Amino acid sequence: MKGLITICSECGTRTELQEISIEFERKGIRATMSGILAMVCPNCGEKYVPGDIAGDVIDVVSRTIDETEGLLKRTEAHRKSLLLVRPLSAAKRLELILAP
Ligand SMILES: [Zn+2]
């Protein structure tokens, strides 16, 4: 792959291609996206996500969070009635997994 960082700029160790998870938070909604290819330093743990992949991931996650927020708003009344029955923690989590 072009543009991959093969030497860690923090410690000079050779990086390895791995799948990582990235956590985002936006509008009070947390999203974790896993299966993102990145070069990872086995020594210090620094992660290098290729720029084009990072841009795509941020774009998709942002749009998904926006749509999730819309869905939460549309189902607000229903959720409130459910929450009265069984109180849940307020944390809103969204998990996205890239699978081949
Ligand atoms: Zn390193």
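User: What should I know about the model before we start?
Analyst: The model is predicted: local features need pLDDT of at least 70, side-chain atom pairs count only at pLDDT 80 or more, and totals for chains, interfaces and linings use all residues. Numbering starts from 1 along each chain as its sequence is written.

User: Why is L4 called partly exposed?
Analyst: A residue is buried with 20 or more other C-beta atoms within 10 Å of its own, exposed with 12 or fewer, and partly exposed in between, with C-beta atoms placed from the backbone. L4 has 13 C-beta neighbours inside 10 Å, so L4 counts as partly exposed.

User: Which residues does L4 touch, not counting those up to four places away in sequence?
Analyst: They are M39 and P50. Contact here means that the C-beta atoms, placed from the backbone, lie within 7 Å.

User: What makes up the pattern of the protein chain?
Analyst: Along the sequence it reads β-β-β-α-α-β, with two helices and four strands. These are DSSP runs numbered from the N terminus: helices are H or I with at least four residues, strands E with at least two.

User: How do you know that strand β2 (residues 29–40) and β4 pair?
Analyst: Pairing requires DSSP to find at least two bridges between two strands. β2 and β4 have six bridges, in the parallel sense. Among the partners, I29 is bridged to K92 in β4.

User: Why does strand β4 (residues 92–97) lie largely in the open?
Analyst: Zero of its six residues are buried, so β4 lies largely in the open. Across the 100 residues of the protein chain, 9% count as buried.

How values were computed:
Contact = placed C-beta atoms within 7 Å.
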